[in-house]
Amino acid sequence: RTTKLALCASKLALEDANFTINEENAAETGVALGSTNGSVYSVSEFDKKSLRDGPHTVNPALFPNLVMCSAPSQVAIRFGIKGMSSSVSSGFHSGLTAIQYASHMLQQGHVRRILVGSVEEFCEHTFKAFHRLRLLSGSKDGQQEMSAPLDEARNGFILGEGATVFMLETLDDARARNTAIYAEITAAREESAFNGGISLKSYLRRIDDLAASGLAAADAGMKDLDFVGIGANSSVTRDYLEARIANAIAGRQRRAPSVSAVKSLVGESFSAGFGFQMMGALFC
């Protein structure tokens with residue numbers, strides 16, 4: 001399912017960019033997709049068959065569905081891309097990492113254009129895992145099933161899925177093709193608040209440090225932010241931390257930016273959530 005979602009989003013991205021891949025430009029075109037979980041369903045079903053009936057009963061032709069690079073590889077095959085093909089899995093911010101990586105590859109001249117984005121599937125195995133961890137809304141005894149991001153009554157998240165793919169290329173190439181230009185990447189920086197083995201108190205202090213740094217806005221040299229995208233998946237702890245970050249960033253601006261909580265609309269979609277945030281920033 002992850003691969004199907006990525007193929008659909010890639011087709012829409014190419015159509016929107018009014019770009020056709022052919023023998024002349026295939027080697028200069030690449031693809032990079034971020035995913036937290038990959039094809040969890042395929043992996044689980046493959047392993048289940050092997051454990052129940054023995055490894056010799058498993059169809060080896062199913063193996064390509066299991067690897068994390070399945071989605072970008074199938075995108076490359078389907079659309080004839082012969083440049084770089086990469087998969088990125090760095091947790092919830094795999095989508096951000098993929099765009100950061102693709103930007104560097106473009107700047108270094110490895111390719112002239114890249115299909116870049118993030119994808120995540122919803123399946124019963126993911127649902128069962130988070131339900132057993134008691135992180136889903138209504139998964140704790142006596143709790144109502146209710147997703148209420150940033151609300152005091154929040155008690156867990158609901159799951160979602162999807163894929164977003166963007167065409168990333170140089171400004172000169174985009175202008176030469178007279179295609180629609182939605183945004184320019186001036187900075188792409190990934191920060192993590194997790195430094196193994198830290199306490200909650202130091203973790204919160206690290207969150208404040210990240211917020212005070214201005215994140216990517218500081219790198220881009222922007223004095224005013226128009227938009228801040230947060231996840232707000234209705235998690236008790238995560239919503240609290242994201243609200244602190246948003247408030248700290250807004251406090252450094254001369255005027256308050258708009259804030260959007262995309263996962264309050266689409267559910268917890270892991271890496272795909274960053275792509276939805278990007279779409280919200282581009283078209284808000």
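Analyst: Helices (H or I, at least four residues) and strands (E, at least two) are DSSP runs, numbered from the N terminus. The model discussed here is predicted, with local features requiring pLDDT of at least 70, side-chain atom pairs counting only at pLDDT 80 or more, and totals for chains, interfaces and linings using all residues. Residues are numbered from 1 along each chain as its sequence is written, and side-chain values use heavy atoms, with hydrogens and water left out. On this basis E169 is placed in strand β4, which spans residues 162-169.

User: Why is E169 called buried?

Analyst: The relative accessible area of E169 is 14%. Buried means under 20% (exposed is over 50%, partly exposed in between, with a 1.4 Å probe and protein chains only), so E169 belongs to the buried class.

User: What makes the pairing of the side chains of E169 and R177 a polar contact?

Analyst: The side chains of E169 and R177 are joined at 2.6 Å, and the cut-off for such a pair of N or O atoms is 3.5 Å; within protein, one atom must be able to donate a hydrogen and the other to accept it, while residues adjacent in sequence count only if both atoms are side-chain atoms. The value for E169 and R177 therefore falls within the limit.

User: Which residues does E169 contact, leaving aside neighbours within four places in sequence?

Analyst: With contact taken as heavy atoms within 4.5 Å, E169 touches L106, R112, R113, A174, R177 and T179.

User: What is the strand order of the open sheet, and which strands are at the edge?

Analyst: Two strands pair if DSSP finds at least two bridges between them, and the order that results is β2-β1-β3-β4, an open sheet of four strands with mixed pairing. The edge strands are β2 (85-88) and β4, since each pairs on one side only. Neighbouring strands are turned by 15° against each other on average, direction ignored.

User: Why can β3 be described as largely enclosed?

Analyst: Eight of the eight residues of β3 are buried, so the strand is largely enclosed by the rest of the structure. In a regular strand the side chains alternate between the two faces of the sheet. Both faces of β3 are covered, with R113, L115, G117 and V119 buried on one side and I114, V116, S118 and E120 buried on the other.

User: Which strands does helix α3 lie across, and what do its buried residues pack against?

Analyst: Helix α3 (residues 70-79) lies across β1, β2 and β3 and runs at about 155° to β1, where axes are lines fitted to C-alpha atoms, for helices over the stretch in contact, and angles run from 0 to 180 degrees between N-to-C directions. In α3, the residues S70, A71, P72, V75, A76 and F79 are buried, and the buried residues of this helix pack against α1, β1, β2 and β3. The helix is followed by G80, which has a positive phi near 75°.
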